[in-house]
Amino acid sequence: MSSTDTSLTPVCSRAGCRDGAHWRVEWRNPKIHNADRVKVWLACDEHREFLHDYLATRQFPVAVVPLVAADQAEGG
Ligand SMILES: [Zn+2]
């Protein structure tokens, strides 16, 4: 019944990149975001480091975690 399930594949957030995303880049801007606010970019293998460095250079708290489909169980 849920309409949140789509066939769309997560795509890298890097401008111009259409590769499938395998990573979540979680970050926030301490100047405009509260401590409990987390922004999420998606990254392919190639741009994971690029996006992390982009944020780290700006002194933003950033964490890269594997992108897993939370509601997708294997086998089924
Ligand atoms: Zn990419």
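This is a short tour of the fold, from the overall layout down to two residues.

What you see is a predicted model, in which local features need pLDDT of at least 70 and side-chain atom pairs count only at pLDDT 80 or more, while totals for chains, interfaces and linings use all residues. Residues are numbered from 1 along each chain as its sequence is written.

Let's start with the layout. The protein has 1 helix and 3 strands, and from the N terminus on they come in the order β-β-α-β. Helices (H or I, at least four residues) and strands (E, at least two) are DSSP runs, numbered from the N terminus.

The 3 strands make an open sheet ordered β2-β1-β3, with antiparallel pairing. β2 and β3 are the edge strands, each pairing on one side only. From one strand to the next, the twist averages 25 degrees. Two strands pair if DSSP finds at least two bridges between them; β1 and β2 have 5 bridges, in the antiparallel sense. In general, strands of a sheet pair through backbone hydrogen bonds, either parallel or antiparallel.

Here is where the elements sit:

| Element | Residues |
|---|---|
| β1 | 23-27 |
| β2 | 39-43 |
| α1 | 48-57 |
| β3 | 62-66 |

Helix α1 lies across β1, β2 and β3, and runs at about 160 degrees to β3. Axes here are lines fitted to C-alpha atoms, for helices over the stretch in contact, and angles run from 0 to 180 degrees between N-to-C directions. Two residues are in contact if their C-beta atoms, placed from the backbone, lie within 7 Å.

Now for the inside. A residue is buried if 20 or more other C-beta atoms lie within 10 Å of its own, exposed if 12 or fewer, and partly exposed in between, with C-beta atoms placed from the backbone. Buried residues are 20% of the 76 in the protein.

Leaving aside neighbours within four places in sequence, tryptophan 23 is in contact with Ala43, Arg48, Val64, Pro66 and Leu67.

Glycine 20 lies in the segment before β1. Glycine 20 is partly exposed, because 13 other C-beta atoms lie within 10 Å. Not counting residues up to four places away in sequence, glycine 20 touches Thr9, Pro10, Val11 and Cys44.
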